[in-house]
Amino acid sequence: MRTTLTLDEDVAAKLRAEARRSGRPFREVVNEALRRGLADRRKAPQLEAFKVHARDLGALHAGLSLDSVADLIERVEGPLHR
């Protein structure tokens, strides 16, 4: 199929350089790049499951409690912590 395609200068330069480097026609290089790019978009990224590793933070100092995190931060960092 013949079509007119407007390429950004940086993309066209990379395609021309690849055509020169590989000794293949520009048309082949463009088609290969498009095929690879389109195939990559179809592949779902292989995401690794997120894991949380709990750690014991030890005992709190006397008079501190985790029941109210806001109160705890204020007592540790002072009233101007915001």
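**Entry 1: secondary structure**

I began with the secondary structure of this predicted model, and the chain has three helices and zero strands. Walking along the sequence, I read the pattern as α-α-α. I noted the ranges as I went: helix H1 covers residues 9-22, helix H2 covers residues 26-42, and helix H3 covers residues 69-77.

**Entry 2: confidence**

The mean pLDDT of the chain is 88, and 98% of the residues score at least 70. Which element has the lowest mean pLDDT, and which the highest? Among the elements of the chain, helix H3 comes lowest with 83, while helix H1 comes highest with 97. A reminder to myself: where pLDDT is low, predicted coordinates should not be read in detail.

**Entry 3: overall dimensions**

I then checked the radius of gyration, which is 29 Å for this chain. For a compact globule of 82 residues I would expect a value near 12 Å. The C-alpha trace spans about 75 × 30 × 25 Å along its principal axes.

How much of the chain is buried? I found that buried residues make up 9% of the 82 residues. The accessible surface comes to about 8,300 Å², and carbon and sulfur atoms account for 54% of that surface.

**Entry 4: charges**

I turned to the charged side chains and found 16 positive and 13 negative charges in the chain. Their mean positions lie 13 Å apart. Side chains of opposite charge can pair when their charged atoms come close, so I went looking for pairs. How many salt bridges does the structure hold? It holds five, and I wrote down three of them below.

**Entry 5: Arg16 and Glu9**

Arginine 16 and glutamate 9 meet through their side chains in a salt bridge, at 4.0 Å from N to O. Are these two partners buried or exposed? Arginine 16 counts as partly exposed because its relative accessibility is 38%. Glutamate 9 has 59%, and therefore counts as exposed.

**Entry 6: Glu32 and its partners**

With arginine 24 it forms a salt bridge whose closest N and O atoms are 2.5 Å apart. I looked up the exposure of both: glutamate 32 is partly exposed, with a relative accessible area of 27%, and arginine 24 is partly exposed too, at 28%.

Glutamate 32 also has a salt bridge to arginine 36, at 3.5 Å from N to O. Where do glutamate 32 and arginine 36 sit relative to each other? They are four residues apart in helix H2, which means that about one helical turn separates them.

Two more residues went on my list. Valine 11 belongs to helix H1 and is partly exposed, with a relative accessible area of 36%. From valine 11 to proline 25 I count 14 residues in sequence, and their C-alpha atoms are 16 Å apart in space.

Arginine 27 belongs to helix H2 and counts as exposed, at 56% relative accessibility; the cut-off for exposed is over 50%. Arginine 27 and arginine 16 are eleven residues apart in sequence, and 9.9 Å separates them from C-alpha to C-alpha.

Methods: Residues numbered from 1 in each chain as written. Predicted model: local features only at pLDDT ≥ 70, side-chain atom pairs only at ≥ 80, totals over all residues. Heavy atoms only, no water. Helix = DSSP H or I, 4+ residues; strand = E, 2+ residues; numbered from the N terminus. Rg over C-alpha atoms; globule rule 2.2 N^0.38 Å. Buried < 20%, exposed > 50% of the residue type's maximum accessible area, 1.4 Å probe, protein only. Areas by Shrake-Rupley, 256 points an atom, 1.4 Å probe, with all protein chains shown as cover. Lys, Arg positive; Asp, Glu negative; His and termini not counted. Charge placed at Lys NZ, Arg CZ, Asp CG, Glu CD. pLDDT = per-residue confidence, 0-100.
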